[in-house]
There are 2 protein chains.
Amino acid sequence: MDLAGIFIGRRLANRESEGRKITAIEGVPAMGLDGLGSSAYGPEAALTILIPLGAEGLHLIRPVMAVILVLLALLYLSYRQTIEAYPSNGGSYIVAKENLGANAGLLAASALMIDYVLNVAVGISAGIGALTSAIPKLHPYTLEACLLVLAVITVVNLRGTLEAGLVFCVPTYLFVVSFGGLLLFGFVKAFITGGDVTPIVPPPPPSAATQGATIWLLLRAFASGCTAMTGVEAVSNGVSAFHEPTVKHGHRTLTGIVLILGLLLGVISYLAPVYHVGAMDQSQPEYQSVLSQLAGAIIGRGAIYFVAIGSLLAILCLSANTSFVGFPRLCRLVARDGYLPRAFAIPGRRLVYSVGILWLAGTAGLLLVLFGGITDRLIPLFAVGAFLAFTLSQLGMAFHWLRRPGNKLRLLVNGTGAAGTGAALAVILAAKFVEGAWIVVIVVPCVLILLKTIHHYYQVIDRELRDDRPVGLRGLSAPIAVIPVQRWDRLADKAVRYALMLSPDVVAVHLTKLEGPDAEEHVGRLRRQWREDVERPAESAGRSPPRLIIAPSPYRSFAGRLLKHVSEIAAHCPGRPILVVIPEVVKEHWWDYLLLGSAPVHKLRKALLRHGGPDLAVVTVPWTREGPHPEEVIEAEEPQPEEAAKPAPQPV
Amino acid sequence: MDLAGIFIGRRLANRESEGRKITAIEGVPAMGLDGLGSSAYGPEAALTILIPLGAEGLHLIRPVMAVILVLLALLYLSYRQTIEAYPSNGGSYIVAKENLGANAGLLAASALMIDYVLNVAVGISAGIGALTSAIPKLHPYTLEACLLVLAVITVVNLRGTLEAGLVFCVPTYLFVVSFGGLLLFGFVKAFITGGDVTPIVPPPPPSAATQGATIWLLLRAFASGCTAMTGVEAVSNGVSAFHEPTVKHGHRTLTGIVLILGLLLGVISYLAPVYHVGAMDQSQPEYQSVLSQLAGAIIGRGAIYFVAIGSLLAILCLSANTSFVGFPRLCRLVARDGYLPRAFAIPGRRLVYSVGILWLAGTAGLLLVLFGGITDRLIPLFAVGAFLAFTLSQLGMAFHWLRRPGNKLRLLVNGTGAAGTGAALAVILAAKFVEGAWIVVIVVPCVLILLKTIHHYYQVIDRELRDDRPVGLRGLSAPIAVIPVQRWDRLADKAVRYALMLSPDVVAVHLTKLEGPDAEEHVGRLRRQWREDVERPAESAGRSPPRLIIAPSPYRSFAGRLLKHVSEIAAHCPGRPILVVIPEVVKEHWWDYLLLGSAPVHKLRKALLRHGGPDLAVVTVPWTREGPHPEEVIEAEEPQPEEAAKPAPQPV
């Protein structure tokens, strides 16, 4: 089994695709890690904005989060409807394209693509950042750890979405049980005592208030908290991954993700003021995250604390997985419409869109390397793309219902959703513009233009290649065969035989002085051999004997000189096609490439195909040293399923 | 003009090679920098061994260096004779091969190759090391500086040996004039005053003696001092670079190098005890090299001091150039005999052996990167290779004269040379074995085995390919053409036309389900188009209509499936050759590769050629979007000399 087989698994047949579908059990880990992880940084981000208000400001997290929860509920209802209306694939791209036009669809796609890439880089880097602040010894290896996590997520996703769901089940449900239980415990305690609780490990006192609450500050807190909502659209992009009935499994997955996220957000923002937990300045050495303070206050620094915080770290590191489910499927849809290279639409050996996965891993890896594994500065960028896609998708759904009378309630839901996410987008853009959101405003149109340029390219080629006429059979004249010959050997022999079979007129061209001024010349011998071994036998067989042209190449150029001779021959016999017969020793091992050199033949073929004119074709006559083994290729490309490959049990 | 044109210059014609030859003026800088630079580290290395003897030991440098100078004189006489006897190319490889047999030649070649690679890495790193100890600010950029110098030397040598000689003239002659003048001044002063001189900047007092002089210590000092002699053989390897009469220019160059080196070594070892200059411990922060101490003692730290030390640094950095002249020429000779890939024997655009230059730069660069630009630990390795080559070359020359009676004096010179360098080799091996010379003892045989393995590979291929029979014209039956078809377009149209021209039996294969289980199928349309646009016209033209086979590929494999169909067709029609006609959109720009994807076609062609059996050939039918411009290729490969390209002066 080859390397790909070990890491990614055997190639799957098309018919196995049904068995690769997922249910909500795998769907929540596969698509929900981004959303779940958001529960950690959403409240933290909002509380960070509230720091200047001091202890008084803590209570303001509740109204801010309440607005966010309302928006989340709206998004939930809207996306439920979207999944129902587009049961095959209802991502923002499709919804916006079908209801608002191609440009709106591409705008949504561009925004989402950028969002997905950023999410991978920021998610992994945030997770590893939390890990290294817990274990400072790991700090020098930040970038390496980020790339390791990226590699693991990439390989797991190349194996398939099913595998990703199964592998990431453990940390996901561990997180839900441990952290959820912990928060629930704190909530019940606070509820019973009417909010009069004593933190077990008291959080550090909040810094003094330096200013009063303003609308602008609250809006900024809201904009920061909105990062908690990114990742909710992933389910609608990946409906095709679900078992039949897809709508049911899609709904369940969406419900699971939003319910867990909503509960976590609600409880956290309820408990933060109760336990007097606020955000701390990250640049201080004694920094602790909000959730770490809260967990310590509720349950102390015991085993449960460490399990909960550990599973949170795992969730953060793996939140990138949502992008790995969404991005390749989005790219596939965009590629199918001709806006991305076709390779994005071709399923790989495991029936997932490997090119999209690798491209995502590559770009995110590049970002991680460029920023040294610390991507804090990218955080402001990445809610913009998500909310732009949200808004376009909701708006598209609203138009969808507008054209279908009798769906007033649905129209209302999606319309309100569009208005809500649109307003949130405006707030986010305004609040984060200077911090970096302006970059998105520049990059999204660039990606959009790129997509349209690619589309134009394919359109032009398709137009040029379109053929509605029957094949032309007139003017089929016998071709002239041209053979570049270095010396007389069995390879040249085979090429001459082939040429004589294909054409009545065969010309061999031997270039001299290719090896410099003082290279030995063996022209005389070649001429003699040609006369005896080629011309005479051809003559006695009653054929027109192949000619041998011996021409110097004073600049040691090969492709150019041969092109020159080919054009001269073409000029002599206008209208006749030219077959250049290239004899080639087939390279079977890597050392063959080094020792036989493939560059000159490759360059020659390319130059001939590119500049030989419309009537030239290249015939490669191979010479193999070992026998053919076609079954090797077939087996490598079409492995039998393991159960079939197993030997039948031996009769005793 | 392309990038290569800007950096390396236009392609030179074979006939221009005469104008590229060099005389001793360029020969000394091109081939002598290694030898000249040795004057700095030879005495230093010997004096370092003498440190434990304290002030008393300083005087012992004179007898040690006297022996080295005698050896140098012997080498000089020997190599003069070698150049005369082998006026085309008299390197150690050729001399040993022709007189001692192929294995001795390959042993010399392996030793020299390793020596050349080490010399590049160690030379550059020593030069940059001296520079950074002069300007400590540069220390963090050691590796970058090393690679920059390597890149400069590589580019200059790719332009040609003539250019290398011209460019490196300035530092070479500046060094000879400034340092030579300085030392001469010191020598005259010491001679006049009878050795009673006062150092202007007194060198630090030598450390106290910790042991007495022993034969073993003197032998080690001699072995270390012998590093001063490496590089002397370069002239004999590069005789072909000289103008006619090559022997005269070769002799002059050799004389120039050895004379300068000998004088420098002699004067330095005479003056070191006079001015009480000894080697210092390199690990101490106040470390100064012997030459720096000596220059300061003679002339003070004035302008002349800085010019002399600056030119010395330049010489050290550029001493790698000797390898760049010798290595490619050596590899070319070895490759011409079939012991290295043929590409090493092909002259590049500037008539130098570019592959050897690039290979040398690559290996030396790798060593520099691996050792972080500090290659002190490699120094013990690198006299061994040189002295092994010296000895084999001298021994070869001795046998040369033995077979030609009447050359007793010459036999004596070369015999004594062989004995001297052989003895020196034994001393060096013994003295440096533990320090690292054992690595050479392991690596040289490995390289030797590699060379012989390559030779065996070429011999086997040549034997398999040898063809003494006339071309077989029996059994030439009409081929069957197989066309992989994706859809009906002008490209498929062109392929079908070509196939019909080449063969009476045409089969098209269309694979379905390549794009996954849920991809749309356009089989019906293709089948209709085939019927109307291909079968009908062929029938009405009275030809057997091309068949269309529609086959599913459940594993989305392309090459394997097609191979399967090809083998089935071959099994049906045994003995008939099969032409697989592949229609291909020619990629003209880098984005074409990204957007059209070249990997599948490339993989398909490779699999067909490798596993299609002996009767299969691949016809590539190109489809170009832009018109052919063969003159572009020809002009790129064969630029006219600049004088010819200049426009004629306009008549006024």
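Start in chain B: select B:Phe175 and B:Phe179, four residues apart in helix α8 (residues 169–192), about one turn of the helix. Helices here are DSSP runs of H or I with at least four residues, and strands are runs of E with at least two, numbered from the N terminus.

Before moving on, some ground rules. This is a predicted model: local features need pLDDT of at least 70, side-chain atom pairs count only at pLDDT 80 or more, and totals for chains, interfaces and linings use all residues. Residues are numbered from 1 along each chain as its sequence is written, chains are lettered from A and ligands numbered from 1 in the order in which they are written, and side-chain values use heavy atoms, without hydrogens and water.

**The Phe pairs**

Stay on B:Phe175 and B:Phe179. Both are buried (under 20% relative accessible area, with a 1.4 Å probe and protein chains only). Their ring centres are 5.7 Å apart and the planes meet at 40°, so the pair is tilted. Rings of Phe, Tyr and Trp (its six-membered ring) pair if their centres lie within 6.5 Å; planes under 30 degrees apart are stacked, over 60 edge-to-face, and the rest tilted.

Now select A:Phe175 and A:Phe179. They sit in helix α7 (residues 161–192) of chain A, about one helical turn apart. Over all chains, the count is 20 aromatic pairs.

Next, pick A:Tyr79, A:Phe387 and A:Phe390. Ring pairs link them into a cluster.

**Across the chains**

Show A:Arg625 with B:Tyr457. The charged end of A:Arg625 sits over the ring of B:Tyr457, 5.5 Å from its centre. The rule asks for NZ of Lys or CZ of Arg within 6 Å of the ring centre and within 35 degrees of the ring normal. Then show B:Arg625 over the ring of A:Tyr457, also 5.5 Å from the ring centre.

**Backbone stops**

Go to A:Glu244 and A:Pro245. A cis peptide bond joins them, with omega about -10°. A:Pro245 is in the loop between α9 (234–237) and α10 (246–274) of chain A. In chain B, the bond from B:Glu244 to B:Pro245 is cis too, omega near -10°.

Select B:Leu351. This residue is not a glycine, yet phi is positive, about 65°. Its loop runs between α14 (321–336) and α15 (354–370) of chain B. B:Leu351 is buried, at 13% relative accessible area.

Last, B:Arg556. Phi is positive again, about 60°, and the residue is not a glycine. At 7% relative accessibility, B:Arg556 is buried.

How values were computed
Buried means under 20% relative accessible area, exposed over 50%, partly exposed in between (1.4 Å probe, protein chains only).
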